[in-house]
Amino acid sequence: MHPVNAVAASISSSLKSVADVNPTFMRTNEKADALLALADAESRVAELRLRVMAAAGDVAEGEGFRSIATWLAHHGHVRRGDAAADLRLAEALDRDLPVLAAALREARTNLAQTRVIAHAMAELPDDVDQDVLARAEAELVRLAEDHDPKDLAVLGRRILELVDPDRFEEAERRRLEQAERYAAQRQRLRLRAAGDGLTRISGVIPDAVAARLATYLHAFTNPRLADGAVRASTGDGDATGGAGGAGGAGARRFRAAVNHPRRLAEAFGQLLEALDPKRLPIHGGDATNVTVTITLDALRDGIGTATLDNGVPGDGFDTLTATQARRLACNAKIIPAVLGTDSEVLDLGRASRLFTKAQRRALLLRDTTCRAEGCDIPGTWSEAHHLVPWSEGGATDLDNAALLCSHHHHRAHDPGYDTSRMANGDLRFHRRR
């Protein structure tokens, strides 16, 4: 019997001898030793199996299979993709990576680490010198002593920086240029109205664009203000109890983590409302805008619906509540087309509706934060709100203005709430019964 077959039979026999052994009764140190020893054995067996695969092409040919991978998938009942990946690794170890093969054979790397290192070596540029390849392979094997497969994958992408810094800069530049070209060609973004008040946004965007978007959104979701943001976004206020109760700091941190995706969505809306339309491209012969058409009575009463036009027919974003329209009327980015009883245009975004930059700066100095009771969202993240609604003749001046975060600005225009002014100028919201 060939030594390899003898070893395989010995391993199988040894495993059968402990098939009925219950490890529950092992001492703690024995379990620890067994786990590490078995992990080493797995690596050694895996290397031997891959070594045999690399030399077993004649087995496949003898039965008419295209490769030993398809033969093993058939006879061993394993997934073809897994068998094919094993064959590629086996051939790479046998042909190009002797140091890595020896490391796996000696259990200095495990199979997962070996796969990562082999992939990193395959990704190196074709024109890298052999001595640089040898140094890269040896360095990755050395790094495997202290790093798991995830960390090794990161190190593998930058291995040239360690073993050949001069070449790395040029290779990295080419890689990034290729990645940017690929991203530019593959980027996609889709918006689909679901018909239930929500729109699904899906797509892939270049890393640079995603990084900018994440930075902007994080400006609205500062972790240092997580507690205040959660109170504002959930309306919990003091109802959750003090610091020692169920609604204490720990509970608020938990809610902050759970609600983070929703907070990002809210931040996305705030970001869009913070955009300066004067800096957007000309769209349809005019500066890019959204027009909300609503009757004067509906705008005043907050009852009914409004029609929304963003200049793109067929998008499905065509209606919203009168309450939402009243809130949007406070912002410079939405143009309300107010209609009388005979549908004549009574107002089309008169300039006096809008707070100027100077007024915004004055409000920020005066209010500092959102003026809703108990809310500490910074004023820089808040919106200027007419205390007496603009639709009811309220003036656009500082005496009729207060800064409100996006959540409380929505609440200020929610007919389900009444608003009262406290002695210190803050706004207190009361749910109508």
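Helices (H or I, at least four residues) and strands (E, at least two) are DSSP runs here, numbered from the N terminus. By that count the protein has 19 helices and 13 strands. You're looking at a predicted model, so local features need pLDDT of at least 70 and side-chain atom pairs count only at pLDDT 80 or more, while totals for chains, interfaces and linings use all residues. Residues are numbered from 1 along each chain as its sequence is written, and side-chain values use heavy atoms, with hydrogens and water left out.

**Stop 1: colour by confidence**

Colour by pLDDT, the predictor's confidence in each residue, from 0 to 100. The protein averages 77, and 72% of the residues score at least 70.

**Stop 2: helix 2**

Select residues 28–54. Helix 2 has 27 residues and reaches 39 Å from its first C-alpha to its last, close to the 39 Å expected at 1.5 Å a residue (the expected span is 1.5 Å times one less than the number of residues). Show the side chains of Ser43, Ala46, Glu47, Leu50 and Met53, which are buried; that means under 20% relative accessible area, with exposed over 50% and partly exposed in between (1.4 Å probe, protein chains only). An α-helix has 3.6 residues a turn, so residues three or four places apart point the same way.

**Stop 3: the cores**

A nonpolar core is a set of buried Ala, Val, Leu, Ile, Met, Phe, Trp, Tyr and Cys residues joined through side-chain atoms within 4.5 Å. The largest has 34 residues, and those with the most contacts inside it are Leu50, Leu93, Leu97, Leu100, Ile117, Met121 and Leu140. At least two residues each come from helices 2, 4, 5, 6, 7, 8 (130–143) and 10 (159–163), and helix 5 gives the largest share, 6 residues. Centre on Leu93: leaving aside neighbours within four places in sequence, Leu93 is in contact with Leu50, Pro98, Leu100, Ala101, Leu104 and Thr114. Apart from this core lies another, of 14 residues, among them Leu217, Cys375, Tyr417 and Leu427.

**Stop 4: a hairpin**

Follow Tyr417 into strand 12 (residues 417–421), which pairs with strand 13 (residues 427–431) in the antiparallel sense over 5 bridges; pairing takes at least two DSSP bridges between the strands. Which residue in strand 13 is the bridge partner of Tyr417? Pick Arg431. The two strands form a hairpin with 5 residues between them, and Gly425 in the turn has a positive phi of about 95 degrees.

**Stop 5: Asp367**

Jump to Asp426, then to Asp367: they are 59 residues apart in sequence and 9.1 Å apart in space, C-alpha to C-alpha. Asp367 lies in helix 18 (residues 357–367). Is Asp367 buried or exposed? Asp367 counts as buried because its relative accessibility is 6%. Beyond four places in sequence, Asp367 is in contact with Ala402 and Leu403. Its side chain also has a polar contact of 2.7 Å with that of Arg371 and one of 2.8 Å with that of Arg366. A polar contact is a pair of N or O atoms within 3.5 Å; within protein, one must be able to donate a hydrogen and the other to accept it, and residues adjacent in sequence count only if both atoms are side-chain atoms.

Methods:
Contact means heavy atoms within 4.5 Å.
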